[in-house]
Amino acid sequence: SSCTTKYVEKQPGKFVGDTGCEKLPVEICGAGCTYEEGAEECHDKVIASLIDVPEEVCDLNPQQTCRFVTKLVPKLSPKHECTIVPKETYTLKFSQPKQVPKPLQTRWCLDPTPATPGDSYEESESLADPISTYQQN
C-alpha cells in the first residue's frame with residue numbers, strides 16, 4: 001500500500017493534513033509459479049500523523065445600530081374658547097321686621113263616590129267621643 005499526506009491551508013497560517021492510502025497491486029513474476037488464493041491476513045499498523053484540532057474563538061463585539069423609528073404623535077393646537085359661568089352674589093342685609101298679612105288657604109277635596117252602606121262620617125255614629133268641639137259665635 002501507499003500513503004500520501006497533503007497539507008492544505010484552511011485559514012491563513014493554519015494547515016490541515018489530508019492523508020490518503022491506497023493498495024498497490026504487487027506483481028510477482030517467475031517461471032513455473034502458480035497463484036493460489038489463501039486466507040485473508042490483517043495487520044494493525046499505527047501511523048503517527050499530526051492534525052491540527054480546530055479551535056473556535058468567539059468575541060462579543062457590541063455594534064451600535066441606528067435606524068429611524070416612526071411613531072404616531074397627535075397634533076394638538078390650542079383653541080380659544082369662551083364660556084359664561086353664572087355666579088351668584090349674596091349680601092346680608094339687616095332690616096326691621098314687618099308684619100305681612102298672608103291669606104289662609106284651606107283646600108277641601110271631595111270624594112265624588114258615594115259612601116258604602118254601613119259607613120258613616122257623622123259624629124253621632126262615631127266609635128269614640130270627639131277630641132274637641134267647635135263653637136261658632
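Let's call a residue buried if its relative accessible area is under 20%, exposed if over 50%, and partly exposed in between (1.4 Å probe, protein chains only). The model here is predicted, so to speak from the record: local features need pLDDT of at least 70, side-chain atom pairs count only at pLDDT 80 or more, and totals for chains, interfaces and linings use all residues. Residues are numbered from 1 along each chain as its sequence is written, and side-chain values use heavy atoms, with hydrogens and water left out.

**Exercise 1. Work out what share of the protein chain is buried, and which strands it has.**

Step 1: Of the 137 residues in the protein chain, buried ones make up 1%.

Step 2: Count the elements, taken as DSSP runs numbered from the N terminus (helices: H or I, at least four residues; strands: E, at least two). The chain has zero helices and two strands.

Step 3: See how E1 and E2 pair, where pairing takes at least two DSSP bridges between strands. They run antiparallel and are joined by nine bridges; one of the pairs is Thr5 with Thr19 in E2.

Step 4: Look at the turn. The E1–E2 hairpin has two residues between the strands, and Gly13 takes a positive phi near 90 degrees there.

**Exercise 2. Describe the second largest pocket.**

Step 1: On a 1 Å grid over the protein atoms alone, probed at 1.4 Å, a pocket is an open set of points with protein on both sides within 12 Å along at least five of seven lines, and lining residues have an atom within 4 Å of a point.

Step 2: The volume is about 210 Å³, meaning the space filled by probe spheres set on the points.

Step 3: The lining includes Lys10, Phe15 and Asp52. Strands E1 (2-11) and E2 (14-22) each give two or more residues, and E2 gives the most, with three.

Step 4: Sort by class: four nonpolar, one polar and four charged (Ala, Val, Leu, Ile, Met, Phe, Trp, Tyr, Cys and Pro are nonpolar; Asp, Glu, Lys and Arg charged; the others, Gly among them, polar).
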